[in-house]
Amino acid sequence: MFKKVLILTAILSIFSTCTVQAAVIDSNWIGGGQGEWGNANNWDPAIVPDNGANTFVVTIDAGAGEVEIGLRQRRTISQLDCFGVVELAVWPHDWQNSPVILTVVDVNGLTNYGELEFYSDNRQFEINGDVTNTAGAELVLEGAEINGNFYNAAGAVVEVEIENDTGGDFENAGILIIIHASDLLIDGNAHNTGLVNLYDGELGIDQILDNNSTGLIKGFGLIYANQMLQNKGTICAYGGCLAISSEGTIVNQGTLSNYPVSSLHIKSPANVNNYGNIEVNSGGIAFDCDLVNEQDGVINLVGGNLAAANIIQTADANFAGFGTITANVEIETGGKISLTGPTNIIGDVNIPAGATLEISDGQTLITGHTICDGTIHLIGGTVIFQGGCDCADCNITHEPGADRNHFDINADGIENLEDFASFTENWLWQASWY
């Protein structure tokens, strides 16, 4: 009987020990405006949060002040919630060549409700776990590596300074700002439904960048999407040159544009297919590949320079405006390009049977060679085939435009006998390419 009591007591003791080992401790920062994570006196209860015999759910609340917490070694906790102005920083530590790692193992990970900054001037700060920046919160990444998924909620702001990495997917529904000489490198996918502002910064995605219909990417710098860039929203070069590159495919179903005097440069090993809108203002948009304007795609040339290796205008696509086209241009059967005002095409032009080049109220200069078996429709417009034209089977038609008449030879806005006199004076004129 005595032995049974001892055995039962031992079993109860073991269960009691297991219960202690499995305790979840709610840990709160009480260390004032500045202190070290590893000092037990900075926490309530007075135990350094670091999972082991116990697990810790940590709350850091700066209240109306500011808190700077220094980490000198690796720590593991279950969950971290931050309120107010908080800085988590790497302080000098023994392992100068190894990172300080804060691991947050719970599915809720690290959640910011205030103004939080991850700071490390030597890229020695890693956070293992998912990070959420809630509505109204601000988060500054300054030399941090986040090995987990990142969610920036609508109404939240993330500012990127120097070099930062995320190991999972990045979801931006708020505002993402990447400042001068800084970068954010994302190992997973990036999905943007909010605003991305680049100020001479770099956004690199190892997999797919999906800019959703409500997403706006704006500024100057570099965007790299290794596998694919799919744009359903708006990408706009603003303030300088915005370069976009992918080793995979780039598909536009939204809007690609440049603010006046800024430029957008797009590099892809494959064709860029436009199912959305391309608006080319002064400055320009350049594709380091072929540009295919697909059915229902729209290209508006608004005084800028549209450049590509080749531009293919398919049937039922829209292409209109004036400016400069630096590319070989092919209008497929059933396709049409409408140009107005002064326009230069620097390249060859192919207009097969059933295709139309329309020129209204202005002059178009084609520096390359033109092959036309279709129609060139001049509506108060003129065309100069500087590179020559195989036009024997071309249907070239003329009619007055709203502001310009091909037969208004002296260009006084009226067609009368004075135009006939000018015509007589220039009789027997012949083009250089004839």
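1. A pocket, as the word is used here, is an open set of grid points where a 1.4 Å probe fits, with protein on both sides within 12 Å along at least five of seven lines. In this predicted model, the second largest pocket holds about 190 Å³ of space. Its lining is made up of 16 residues, and those closest to the centre of the pocket are Val85, Val86, Glu115, Leu116 and Glu117. Two or more lining residues come from each of E4, strand E6 (79–90), strand E9 (115–119), strand E12 (138–142) and strand E15 (157–161). By residue class, the lining of this second largest pocket divides into eight nonpolar, one polar and seven charged residues.

2. On confidence, the protein chain has an average pLDDT of 90, and 88% of the residues score at least 70. Where pLDDT is low, the predicted coordinates should not be read in detail.

3. Alanine 181 has a positive phi of about 60° and sits in the loop between strand E18 (175–178) and strand E19 (183–186), where alanine 181 is exposed, with a relative accessible area of 59%. Valine 261 has a positive phi of about 80° and is found in the loop between strand E27 (255–258) and strand E28 (263–267); with a relative accessible area of 73%, valine 261 counts as exposed.

4. Which peptide bond is cis, with omega near 0°? The bond in question runs from aspartate 44 to proline 45, and proline 45 belongs to the loop between strand E3 (43–44) and strand E4 (55–71).

5. Is leucine 209 buried or exposed? Leucine 209, which lies in strand E22 (residues 208–211), has a relative accessibility of 2% and therefore counts as buried, the cut-off for that term being under 20%. Leaving aside neighbours within four places in sequence, leucine 209 is in contact with Ala190, Ile217, Ile223, Ala225, Met228, Leu229 and Gln230. The C-alpha atom of leucine 209 is also separated by 6.1 Å from that of histidine 191, although the two residues are 18 residues apart along the chain.

Notes:
Residues are numbered from 1 along each chain as its sequence is written. This is a predicted model: local features need pLDDT of at least 70, side-chain atom pairs count only at pLDDT 80 or more; totals for chains, interfaces and linings use all residues. Side-chain values use heavy atoms; hydrogens and water are left out. Helices (H or I, at least four residues) and strands (E, at least two) are DSSP runs, numbered from the N terminus. Buried means under 20% relative accessible area, exposed over 50%, partly exposed in between (1.4 Å probe, protein chains only). On a 1 Å grid over the protein atoms alone, a cavity is a set of points where a 1.4 Å probe fits but cannot get out, and a pocket is an open set with protein on both sides within 12 Å along at least five of seven lines; lining residues have an atom within 4 Å of a point. Grid points are joined across faces, edges and corners, and a volume is the space filled by probe spheres set on the points. Ala, Val, Leu, Ile, Met, Phe, Trp, Tyr, Cys and Pro count as nonpolar, Asp, Glu, Lys and Arg as charged, and the others, Gly among them, as polar. pLDDT is the predictor's confidence in each residue, from 0 to 100. Contact means heavy atoms within 4.5 Å.
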